[in-house]
Amino acid sequence: FNATTGVFAPAGNNVDPSAKLARTREVVAGVQHELVANLAIGADYIYRKYDNGTASFSQGYQPGSGANLANFYNAQGTYKDPVTGLSAPYFYVTGSTVVPSGLSSIVMTSTAYSVYHGVDLTMTKRFSNRWQANVAATIQKSPTYRPDYSYVNPTGISFVDGKTTAISRYLLKVQASYQMPWNIMTSANLNVNDGGVRTLTINGPGAVPFGVTSTGAARTISYGTLNFEPNGTTRFKPTSLLDLGAQKVLSFKGGKYRLKLMLDAFNVFNINTITGYNSNNRSSSGFTQPSGLVPPRVFRIGGSINF
């Protein structure tokens, strides 16, 4: 916005007419079978492909242009972080190579895509003989592929291309209830989850050569942090959460008035798994400082009156 003229000036960005919205294609195939009365098992396979959507590229170096910026990165270095002793690769430009600058952006259909494969195993026990239960186990993966590495700075691309996203590799859910004498209903809920992905970095080398300008002046590009391991290598610890409950309903005047008494226990195992840290940079002091924990065990007593 030009405060003198009061005119909005365009930033030079544009959207290619062929840009497409994000798309999801899904195929689900499964089978279910009743083993015995009131007890059934099932298995499902799920396939999903996520593609299209939009991404920003440099004008003149976008997919289909016949040119790409990755070709200018003609050298690869390795930086060893003095704090952790870990090493990570990076790309830079040597010599008198002139790297284009001041390019406008163009939004096009993204060339990145991810593929989901999942297997769901289930067992269902309908209520009979005073109890019921549902068990579900999921095994899954969803790698992401980045063909756009040919059009951007290739630094770190090898750690994400074809690697898993942040989803859990496995999930287990068990829900069960049992009707005890005197119509006391008890329940249990168990969730076992794989730990989430923790994408780690280390400090980078800072400014490195980036060719020259059109007038021959030296240029640099700065790397504040660098990835050093494939995505999905490091995860948080798995969690196993068990919740228990009991309910008793007291009826008065033929059911016109009802008093429900409840007792619940959450996180019965009292796990204290860390769910987040202040920093994912191993060179930072916040790398070992937790920012989130699973809440501790909690007991709750409650009641409700219906009239």
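The model is predicted, so local features need pLDDT of at least 70 and side-chain atom pairs count only at pLDDT 80 or more, while totals for chains, interfaces and linings use all residues. Residues are numbered from 1 along each chain as its sequence is written, and side-chain values use heavy atoms, with hydrogens and water left out. A search of the whole structure finds seven salt bridges, and the structure also holds seven aromatic pairs. Strands named below are DSSP runs (E, at least two residues; helices would be H or I, at least four), numbered from the N terminus.

**Salt bridges**

- Side chains of opposite charge can pair when their charged atoms come close.
- A salt bridge here is a side-chain nitrogen of Lys or Arg within 4 Å of a carboxyl oxygen of Asp or Glu.
- Arginine 25 and aspartate 51 form one of these bridges, with their closest N and O atoms 2.7 Å apart.
- That pair links distant parts of the chain, from arginine 25 in strand β2 (residues 22-36) to aspartate 51 in strand β3 (residues 39-52), 26 residues apart.
- For burial, the cut-offs are under 20% relative accessible area for buried, over 50% for exposed, and partly exposed in between (1.4 Å probe, protein chains only).
- Arginine 25 is partly exposed at 38% relative accessibility, whereas aspartate 51 is buried at 11%.
- Arg23 joins Arg25 and Asp51 in a network of salt bridges.
- Arginine 48 and glutamate 26 meet through their side chains in another salt bridge, at 2.4 Å from N to O.
- Because arginine 48 lies in strand β3 and glutamate 26 in strand β2, this pair ties together parts that are 22 residues apart in sequence.
- Arginine 48 is partly exposed, with a relative accessible area of 23%, and glutamate 26 is partly exposed at 48%.
- Aspartate 264 pairs with arginine 300 in a salt bridge whose closest N and O atoms are 3.2 Å apart.
- Here strand β17, with aspartate 264, is linked to strand β20, with arginine 300, across 36 residues.
- Aspartate 264 is buried at 16% relative accessible area, while arginine 300 is partly exposed at 47%.

**Aromatic pairs**

- Rings of Phe, Tyr and Trp (its six-membered ring) pair if their centres lie within 6.5 Å; planes under 30 degrees apart count as stacked, over 60 as edge-to-face and the rest as tilted.
- Among the seven aromatic pairs, tyrosine 73 and phenylalanine 210 form a tilted one, 5.7 Å centre to centre with 55° between the planes.
- The pair links distant parts of the chain: tyrosine 73 is in the loop between β4 (54-58) and β5 (75-80), and phenylalanine 210 is in strand β14 (residues 201-212), 137 residues away.
- Tyrosine 73 is buried at 13% relative accessibility, and phenylalanine 210 is buried at 9%.
- Tyrosine 113 and tyrosine 145 have ring centres 5.2 Å apart and planes at 25°, so this pair is stacked.
- Tyrosine 113 sits in strand β8 (residues 113-128) and tyrosine 145 in strand β10 (residues 143-145), 32 residues apart.
- Tyrosine 113 is partly exposed at 27% relative accessible area, and tyrosine 145 is partly exposed at 29%.
- Tyr90, Tyr92 and Tyr223 form one aromatic cluster.

**Single residues and their neighbours**

- Contact means heavy atoms within 4.5 Å.
- Arginine 297 lies in the loop between β19 (290-293) and β20 (298-306), and is partly exposed at 38% relative accessibility.
- Beyond its neighbours within four places in sequence, arginine 297 is in contact with Phe266, Asn267, Val268, Phe269 and Asn270.
- Threonine 239, in strand β16, is buried with a relative accessible area of 14%.
- Leaving out residues up to four places away in sequence, threonine 239 touches Asn191, Val192, Asn193, Ile271, Thr273 and Val294.
- Serine 304 lies in strand β20 and is partly exposed at 25% relative accessibility.
- Serine 304 and valine 83 are 221 residues apart in sequence and 58 Å apart in space, C-alpha to C-alpha.
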